[in-house]
Amino acid sequence: MKVFFSKYTFDYSWEEVSTANWRKYCPWNDKSTHVIAVDTLSREVDPATGILRTERLITCTQSAPAWVVSLLGGSNTSHVYETSYVFPAEKRVTMCSTNLTWANILRVRETVTYQPDLSASSPGHERTEFVQDAKITALCGGWQKIRTKIEDASIERFSENARRGREGFEAVLEMSRRVFGEEREREKAGVK
């Protein structure tokens, strides 16, 4: 098993980040062109706690290394199952995802958390902490050398995708702030 860990601080409030999270794969994000579809399977709010639970299926084109495809076969379309929880009282979003494609060969379990970064925030300038970890396990029986090679290649790819994902989400956050700001100004001016 290989572990990926990343921590980053967005220069946006938790309210901005948690709202923009649902538009992460929109046309404003030119780094997520590999995402073909995001289908919401279920969404419900627990009336007792106010926690929003959402299940989504994310479909992507993701080319695997040529040696993996030649060895194991497969296609460039992959599916990821994601469950997310929005804890409004604690101001926390937690997203857990796992791969469905090639799950019998490679297991990828990712957890992402967004919450206010109180150590880096000041009144009128809130920031949000992003923590991402993934556990990647090749399930190739006794072939340790192949397992290690698959896990190493997967961690490298995951790291590249995580960097591009943060860059793309920054673009979504910037555009969201601008669009919502313009809308607030129109409302103040009484323009519809």
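A salt bridge is a side-chain nitrogen of Lys or Arg within 4 Å of a carboxyl oxygen of Asp or Glu. What you're looking at is a predicted model, and its chain has three helices and seven strands. Here's a quick tour.

**The whole chain**
- Starting at the N terminus, the elements go β-α-β-β-α-β-β-β-β-α.
- The C-alpha trace spans about 65 × 35 × 30 Å along its principal axes.
- Of the chain's 192 residues, 35% count as buried.
- Take the contacts between residues at least 6 apart in sequence: 59% of them join residues at least 24 apart.

**How confident is the prediction?**
- The average pLDDT for the chain is 90, and 94% of the residues score at least 70.
- Confidence is lowest in helix H2 (residues 66-72), with a mean of 67, and highest in S5, at 98.

- S5 covers residues 92-99 and is mostly covered, with six of its eight residues buried.
- On one side, S4 and S5 run antiparallel and are joined by eight bridges; in this pairing, Tyr81 stands opposite Thr98 in S5.
- The S4–S5 hairpin has four residues between the strands, and Lys91 takes a positive phi near 55° there.
- S5 also pairs with strand S6 (residues 106-116), again in the antiparallel sense, over six bridges. Val93 stands opposite Tyr114 in S6.
- In the S5–S6 hairpin there are six residues between the strands, and Trp102 has a positive phi near 60°.

**A look at Thr77**
- Thr77 sits in strand S4 (residues 77-87).
- Its relative accessible area is 34%, so Thr77 is partly exposed.
- If you skip residues up to four places away in sequence, Thr77 touches Thr59, Cys60 and Thr101.
- Thr77 and Glu151 are 74 residues apart along the chain, and their C-alpha atoms are separated by 20 Å.

**Helix H3 and Arg147**
- H3 has 46 residues, so at 1.5 Å a residue it should span 68 Å; its end C-alpha atoms are 66 Å apart, which agrees.
- Just after H3, Gly190 takes a positive phi of about 80°.
- Arg147 lies in H3 (residues 144-189).
- Arg147 is buried yet has no salt bridge. The nearest side chain of opposite charge belongs to Glu151, 5.0 Å away, and a salt bridge has to be within 4 Å.
- Setting aside neighbours within four places in sequence, Arg147 is in contact with Ala138, Cys140, Gly141 and Gly142.

**Salt bridges**
- How many salt bridges are there? The count comes to 13.
- Lys7 and Glu129 form one of them, with their closest N and O atoms 3.3 Å apart. Lys7 is in strand S1 (residues 2-10) and Glu129 in strand S7 (residues 128-138), so this pair ties together parts that are 122 residues apart in sequence.
- Are those two partners buried or exposed? Lys7 is exposed, at 54% relative accessible area, while Glu129 is buried, at 16%.
- Arg56 and Glu82 also meet in a salt bridge, at 2.7 Å from N to O. Arg56 lies in strand S3 (residues 52-61) and Glu82 in S4, so the pair ties together parts 26 residues apart in sequence.
- Arg56 and Glu82 are both buried.
- Asp133 forms a salt bridge with Lys135, with the closest N and O atoms 3.5 Å apart. Lys135 counts as partly exposed, at 37% relative accessibility.

Key
Residues numbered from 1 in each chain as written. Heavy atoms only, no water. Helix = DSSP H or I, 4+ residues; strand = E, 2+ residues; numbered from the N terminus. Buried < 20%, exposed > 50% of the residue type's maximum accessible area, 1.4 Å probe, protein only. Lys, Arg positive; Asp, Glu negative; His and termini not counted. Contact = heavy atoms within 4.5 Å. Pairing = 2+ DSSP bridges. pLDDT = per-residue confidence, 0-100. Expected span 1.5 Å × (residues − 1).
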